[in-house]
Amino acid sequence: MTQTTDTVEPLDSPLARGKASLTQILKRLTQLRTEVAEDGHKIYHRWQHSIRRPTFAASALNLAHYQVLRHHDIRPLQRDLMSYGLSSLGRLEGRVLATLDATATALEGILGLTPASSLDFPAHKQFFRGERKLAANTAKLFGPALHGRREHIMVTLASEAAESPAGLIALAKLGMNVVRINCAHDDAGAWQAMIDHVRIAEATANHPIKILMDIAGPKCRTLEVAHPDKNTSLNPGDCLLLCRNALGDHADFPFRATCSLPVIERLKVGDRVYVDDGRFGGVVEALIEDGAVLRIRRAKVGGGKLKPEKGLNFPDTDLGLSPLTAKDLTDLDFVVAHADMVGYSFVEKAADIHLLQGEFAKRRSDWERLGLVAKIETPLAVTNLPEIIVAAAGHQPFAVMIARGDLAVEIGFERLAEMQEEILWLCEAAHIPAIWATQVLESLIKTGVPSRGEMTDAAMSARAECVMLNKGPNVAEAVEALDRLLWRMSEHQSKKTPQLRALHSW
């Protein structure tokens with residue numbers, strides 16, 4: 001930095017003390033900027049071989065910068081900057097170096113320094129480049145925004161959508177942008193009918209509707225279940241035997257269940273197991289010839305019923321399962337030819353992305369035009385998310401679905417709020433859209449009456465680019481309510497940035 005020739009203030013003057021403090025802040029900020037740039041470039045260099053889309057290169061570099069920055073604790077620096085009315089750096093996800101440069105240049109101006117030739121205020125267009133990239137990537141995957149709102153609304157289709165287009169037409173007119181077809185249900189004939197009805201709906205509503213087809217993946221569920229009698233509930237302290245094969249007769253274990261996948265051999269004593277979206281939680285107490293004995297530690301007051309076809313989660317266990325099943329490989333023949341986007345469950349590492357991309361390439365020469373949505377639902381997926389993003393977005397349009405149901409069970413309900421924030425931040429740093437999923441407006445959809453908590457949750461979802469609603473008897477009312485809510489929230493919040501429009505409530 002080049003000093004001006006201003007008169008030096010007395011050392012004990014308030015101005016001199018202020019300049020000394022600002023000089024230290026500038027030094028810390030400049031050092032941080034240097035480390036972020038240098039170490040970020042090293043990460044980006046490791047990623048370069050995976051980046052085939054030129055439009056993603058700058059986004060990958062910003063993601064690398066953000067990854068380095070967030071390995072520093074910069075809270076003291078943030079607070080010092082705030083006291084001088086400068087950026088607290090709290091909204092730099094999409095523009096890491098540009099924000100650091102702008103803040104450092106402003107500090108130099110306050111100190112009366114001549115900015116170094118390599119450091120100056122970024123141009124307005126450069127500063128907001130990340131926002132434009134995110135908006136463009138969102139529109140490419142989910143279509144244009146509707147009704148004056150930035151966010152898109154996705155609806156999971158029920159099997160009845162194959163019977164008539166009427167329901168889809170109503171949803172499209174209310175503001176639905178995207179439909180999700182869950183390939184765990186129905187078959188290719190029903191999926192084709194759904195797609196035909198979607199095309200009728202978009203023509204009637206006069207706006208595009210994108211189609212996400214979600215391949216099932218290796219979801220482990222209970223199959224057969226046994227309990228003492230139909231009125232007996234499973235309570236904390238009870239034992240549940242996860243059977244290797246058939247239920248059999250076990251007087252010592254009245255509660256028994258078989259599994260849809262061969263996971264028993266992978267379990268160890270002490271491993272946690274959750275049943276039915278976490279409604280029951282237990283620990284493997286023993287491994288016996290016929291299966292794994294779970295001691296139930298968590299259940300609702302009064303216990304609950306053990307039922308078939310309920311999900312099983314094993315957060316401590318490496319199940320050794322491929323994210324692509326034989327059914328998925330068969331379904332992909334139809335999905336790759338008809339979907340705008342493919343939903344991918346149980347993604348945990350970059351190699352899982354490459355595995356699916358290899359299957360795309362076998363079925364479609366222009367597969368890199370096909371959208372990919374990775375469902376993030378395990379702790380390992382969160383840990384590897386930067387590499388997952390680069391592996392996917394480096395080749396094709398890409399979005400992340402925050403699969404909050406399984407993720408909450410896997411990482412613990414108390415950590416879900418924290419993790420969904422971190423996922424949103426990483427996606428913004430990479431300029432890729434995020435989907436806020438699982439139980440949004442669930443009470444409204446099922447019963448017609450929303451809860452206070454879920455309305456707040458839906459308002460928080462406005463920081464994602466797309467919000468997913470599940471199927472249910474009142475889904476039209478939910479789309480209508482969510483459309484209005486997202487429109488209102490867009491006037492108050494853009495990602496992490498509050499929008500200070502004029503208020504008239506008081």
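Reader: Which residues of α16 meet which residues of α17?

Author: In this predicted model, Met455, Ala458 and Ala459 of α16 meet Leu482, Leu485, Leu486 and Met489 of α17. The residues of this contact divide into seven nonpolar, no polar and no charged.

Reader: What makes helix α13 mostly covered?

Author: Buried means under 20% relative accessible area, and seven of the eight residues of α13 (residues 404-411) are buried. The buried residues are Arg404, Asp406, Leu407, Ala408, Val409, Glu410 and Ile411. After α13 comes glycine 412, whose phi is positive, near 100°.

Reader: How do you know that β9 pairs with β5, and what joins β8 to β9?

Author: Two strands pair if there are at least two bridges between them; β5 (residues 239-243) and β9 (residues 291-298) have five bridges, in the antiparallel sense, and in β9 glycine 291 is the bridge partner of cysteine 243. Strand β8 (residues 280-288) also runs antiparallel to β9, with seven bridges joining them, and glycine 282 stands opposite isoleucine 296 in β9. A hairpin joins β8 to β9 through two residues.

Definitions and conventions:
Residues are numbered from 1 along each chain as its sequence is written. This is a predicted model: local features need pLDDT of at least 70, side-chain atom pairs count only at pLDDT 80 or more; totals for chains, interfaces and linings use all residues. Side-chain values use heavy atoms; hydrogens and water are left out. Buried means under 20% relative accessible area, exposed over 50%, partly exposed in between (1.4 Å probe, protein chains only). Helices (H or I, at least four residues) and strands (E, at least two) are DSSP runs, numbered from the N terminus. Contact means heavy atoms within 4.5 Å. Ala, Val, Leu, Ile, Met, Phe, Trp, Tyr, Cys and Pro count as nonpolar, Asp, Glu, Lys and Arg as charged, and the others, Gly among them, as polar.
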